[in-house]
Amino acid sequence: LGDSVLKRRPTYLALDMDVFQWPFAMGTSAAWPIGLSPEGFYVLLQTLLKRLDVRVFGIYEVAPELDPGGGTAKLASQFAHLF
């Protein structure tokens, strides 16, 4: 596949907050102890936004009732702001 995967074209990008390590996203329904770090995803998201024509960026699985202190919602909002 190589660079053909990152060829510039209209793209819908979805982020499920469950993908992050539990300490960073406690306000999700199924956070992983060995998920992604926010820093690692930030670099990936920057690359995708530069290489693809992202028209829509959906963010899913933020559960305010499970989010002590609002940390997961804040993390989601930071990625939305980058978009």
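Residues are numbered from 1 along each chain as its sequence is written, and side-chain values use heavy atoms, with hydrogens and water left out. In this predicted model, local features need pLDDT of at least 70 and side-chain atom pairs count only at pLDDT 80 or more, whereas totals for chains, interfaces and linings use all residues.

The secondary structure of the protein chain consists of two helices and two strands, where helices (H or I, at least four residues) and strands (E, at least two) are DSSP runs numbered from the N terminus. Read from the N terminus, the order of the elements is β-α-β-α. The C-alpha trace spans about 40 × 25 × 15 Å along its principal axes. Of the 83 residues in the protein chain, 29% are buried; buried denotes under 20% relative accessible area, exposed over 50%, and partly exposed the range in between (1.4 Å probe, protein chains only). Contacts are defined by heavy atoms within 4.5 Å. Among contacts between residues at least 6 apart in sequence, 69% join residues at least 24 apart.

Helix α1 comprises residues 38-51. The expected span of a helix is 1.5 Å times one less than its number of residues. For the 14 residues of α1 this gives 20 Å, and the end C-alpha atoms are 20 Å apart, which agrees. The buried residues of α1 are P38, F41, L45 and L48. They lie on the same side of α1 because they cover an arc of only 85 degrees around the axis, the arc being that of the directions from the helix axis to the C-beta atoms. An α-helix has 3.6 residues a turn, so residues three or four places apart point the same way. On the other side of α1, E39 and K50 are exposed. The buried residues of α1 pack against β1, β2 (53-60) and α2 (71-82). L48, a residue of helix α1, counts as buried because its relative accessible area is 16%. Between L48 and Y12, which are 36 residues apart along the chain, the C-alpha separation is 11 Å.

A similar analysis was applied to helix α2. Its 12 residues should span 16 Å at 1.5 Å a residue, and the end C-alpha atoms are 17 Å apart, which agrees. T72, L75, A76 and F79 are buried in α2. These residues cover an arc of only 100 degrees around the axis and are therefore placed on the same side of α2. The face turned away from the buried side of α2 carries the exposed residues K74 and H81. The buried residues of α2 are covered by elements including β1, α1 and β2.

The protein chain exposes about 5,400 Å², of which carbon and sulfur atoms supply 62%; accessible areas come from the Shrake-Rupley method with a 1.4 Å probe, and for residues only the protein chains shown count as cover. A nonpolar surface patch of about 300 Å² is formed by Y12, V56 and Y60. Patches are made of residues with over 30% relative accessible area and no salt bridge, like charges being joined within 9 Å and nonpolar side chains (Val, Leu, Ile, Met, Phe, Trp, Tyr) within 5 Å. Y12 belongs to strand β1 (residues 10-16) and is classed as partly exposed because its relative accessibility is 48%.

Side chains of opposite charge can pair when their charged atoms come close. A search of the whole structure finds one salt bridge, defined as a side-chain nitrogen of Lys or Arg within 4 Å of a carboxyl oxygen of Asp or Glu. This salt bridge joins R55 and D53, with the closest N and O atoms 2.8 Å apart. R55 counts as exposed because its relative accessibility is 55%.

Two loop residues were also examined. D18 is placed in the loop between β1 and α1 and counts as buried because its relative accessible area is 11%. Leaving aside neighbours within four places in sequence, D18 is in contact with T28, S29, A30, A31, W32 and E61. D18 and F41 are 23 residues apart in sequence, and their C-alpha atoms are 13 Å apart. E61 is found in the loop between β2 and α2 and is partly exposed, with a relative accessible area of 37%. The phi angle of E61 is near 70 degrees, a positive value in a residue other than glycine.
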